[in-house]
Amino acid sequence: MPHYAIHALDHAGALERRLAHYEAHKAYLGGPLPVQILVSGPLLAEDGETMIGSLFIVEAPDRAAVDAFDAADPFRAAGIWARVEITAFRMRQVALPHS
């Protein structure tokens, strides 16, 4: 099944709005979805704390399922994301050395 990377950047100054819709966003991600989320989390500013966007790696039957997933996210409906890029992604297994 194909994989996709979703890179979403918030509008400048959207943190308060993001936080107001955060529980709805998390509830959406925990429900039935048209994609399988493999990795997800907030993108952070240089301070390592302030959320400025979202990143997802998903598995989906096709691009239409990914578009449907994006369109139904409460963050999308609330106008939090200024830009969303969805790109096909070839998943590879890479073994990292243990420290």
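Asp70 and Arg76 are joined by a salt bridge whose closest N and O atoms are 2.7 Å apart; the term stands for a side-chain nitrogen of Lys or Arg within 4 Å of a carboxyl oxygen of Asp or Glu. Asp70 is buried at 9% relative accessibility, while Arg76 is partly exposed with a relative accessible area of 32%. Buried means under 20% relative accessible area, exposed over 50%, and partly exposed in between, with a 1.4 Å probe and protein chains only.

The model is predicted: local features need pLDDT of at least 70 and side-chain atom pairs count only at pLDDT 80 or more, whereas totals for chains, interfaces and linings use all residues. Residues are numbered from 1 along each chain as its sequence is written, and side-chain values use heavy atoms, with hydrogens and water left out.

The structure holds five salt bridges, including those in the table.

| Residues | N to O distance |
|---|---|
| Asp70 and Arg76 | 2.7 Å |
| Arg18 and Asp10 | 2.7 Å |
| Asp67 and Arg63 | 2.8 Å |

In the Arg18 and Asp10 pair, both residues are buried. Asp67 and Arg63 are both part of helix α3 (residues 63–72), where four residues, about one turn of the helix, lie between their positions. Helices (H or I, at least four residues) and strands (E, at least two) are DSSP runs numbered from the N terminus. Asp67 is partly exposed at 33% relative accessibility, and Arg63 is partly exposed at 38%.

Tyr22 belongs to helix α2 (residues 22–29). Its relative accessibility of 23% counts as partly exposed. Apart from neighbours within four places in sequence, Tyr22 contacts Met51 and Phe75, contact being heavy atoms within 4.5 Å. Tyr22 and Gln93 are 71 residues apart along the chain, and their C-alpha atoms are separated by 31 Å.

Leu38, Val39, Phe89 and Met91 make a nonpolar surface patch of about 320 Å². Patches are made of residues with over 30% relative accessible area and no salt bridge, like charges being joined within 9 Å and nonpolar side chains (Val, Leu, Ile, Met, Phe, Trp, Tyr) within 5 Å. Accessible areas come from the Shrake-Rupley method with a 1.4 Å probe, and for residues only the protein chains shown count as cover.
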